[in-house]
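Dear colleague,

I am passing on the structure that we spoke about, and below it you will find my notes on what was found. Please read them with the model open beside you.

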Amino acid sequence: MIADVERGFAALEEGRIDDAESALERARRVDRKHADVIQLAAAVADANGDAEDAMEQYQALKVLRPDDPMPRICIARLELREFGDPDAALDTLAEAFDFIDEEEDLIEGIFLKTEALIAREDLPAARETLAELATSAIDDPELALDAAELAISAEDAPTAIKWLDIAKQADPDCLADVTHALGRVYEMTGDREKMIAAWQEVRKLDLAGPKPELSISDDEIEKITVGTLEELPENIRELLAKVPILVDGVPSVDIVADGFDPRSLGFFQGTPMPEEGNAQPSVTTILLFKTNLERYAQDAEHLAEEIRITVLHETAHYFGLDDDDLEELGLG
């Protein structure tokens, strides 16, 4: 049984979910109530995106291992990210911190607590929590970037810059990601000149970097775009008939010079329909950025869905909706 559990976790680490499920079934035939088997079952459900099953398994594991913070941390993550309940996540994390004695668990707990406080819009408490992280404890550039992202969300520019410096020192290869985050810090602080300079550098670094692992043809993008527009009412489609949807790789130098994020997935260019009568005539187009979409997506299914969302997002801009409106519609 233990050998199958170990095989299951090894398969999950390598992304072989089917093999992990097979190992889990063999282990369950021996003892489905064993804590190690339940832990593997929780991890498999997590990997499959089955939040309900994962929650059930982690709750059972919490009972079997009352002094182990890991099940509580995983429960808090699900409560926050899958069920959208930051208050429940904070309560669960408060329990977990009573048992945390490993640095890795402490870092994850602080990250989740900060994220939950941001979700509750309690930014002062989020900044205070993130400050509990010792810079000496993190030398992983991805973790440092994650800490910087949380600091940006908590509107803490100095802390974000501190973590970005650590990420850059730990791995110079992450310079593009660091520079992009730095551009967002400058955006937050209102330093437009530095923001644009950072984002122009990001554009250059991204173009010089490796190609995305995923790829999609222009014909496939057109097919997804047509299918997306067919979801809209006929009168909306008629209004959009005069707005061409074009495909480019990444935003141009000129677009970025206007303060546009070089990693954006799409761009509405021109005059929104409600303003057309009061504005100078201009060319109105929607641009989809193929390379950015390919780089952003996790797999082919996710890529197709992101193209769909981007088309809806940019067409909504044509009809005069702003970013707050789009957030409410789930298109932010």
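A search of the whole structure finds three aromatic pairs, where rings of Phe, Tyr and Trp (its six-membered ring) pair if their centres lie within 6.5 Å, and planes under 30 degrees apart count as stacked, over 60 as edge-to-face and the rest as tilted. The rings of Phe260 and Phe267 have centres 4.4 Å apart and planes at 55 degrees, so this pair is tilted. Phe260 is buried at a relative accessible area of 19%, and Phe267 is buried at 17%; buried means under 20% relative accessible area, exposed over 50%, and partly exposed in between, with a 1.4 Å probe and protein chains only. Phe268 and Tyr318 also form a tilted pair, with 6.0 Å from centre to centre and 55 degrees between the planes. This pair links distant parts of the chain, since Phe268 lies in strand 2 and Tyr318 in helix 17 (residues 300-318), 50 residues apart, and both Phe268 and Tyr318 are buried. Phe260, Phe267 and Phe289 form one aromatic cluster.

Before going on, please note that this is a predicted model, in which local features need pLDDT of at least 70 and side-chain atom pairs count only at pLDDT 80 or more, while totals for chains, interfaces and linings use all residues. Residues are numbered from 1 along each chain as its sequence is written, and side-chain values use heavy atoms, with hydrogens and water left out.

Turning to the sheet, three strands form an open sheet in the order 1-3-2, with mixed pairing; helices (H or I, at least four residues) and strands (E, at least two) are DSSP runs numbered from the N terminus, and two strands pair if DSSP finds at least two bridges between them. Strand 1 and strand 2 stand at the edges with a single partner strand each, so one side of each is left without a neighbour in the sheet. Strand 1 (residues 245-248) pairs with strand 3 in the parallel sense over four bridges, whereas strand 2 (residues 266-269) pairs with strand 3 in the antiparallel sense, again over four bridges. Leu288 in strand 3 stands opposite Val247 and is also the bridge partner of Gly266. In a regular strand the side chains alternate between the two faces of the sheet. In strand 3 both faces are covered, with Thr285, Leu287 and Phe289 buried on one side and Ile286 and Leu288 buried on the other.

The last region is helix 1 (residues 2-13), whose 12 residues should span 16 Å at 1.5 Å a residue, in agreement with the 17 Å between its end C-alpha atoms; the expected span is 1.5 Å times one less than the number of residues. The buried residues of helix 1 are Asp4, Val5, Gly8, Ala11 and Leu12. They cover an arc of only 125 degrees around the axis, which puts them on the same side of helix 1, the arc being that of the directions from the helix axis to the C-beta atoms. The face turned away from this buried side carries the exposed residues Glu6 and Glu13. Helix 2 (17-31) and helix 3 (35-47) are included in what covers the buried residues of helix 1, with contact meaning heavy atoms within 4.5 Å.
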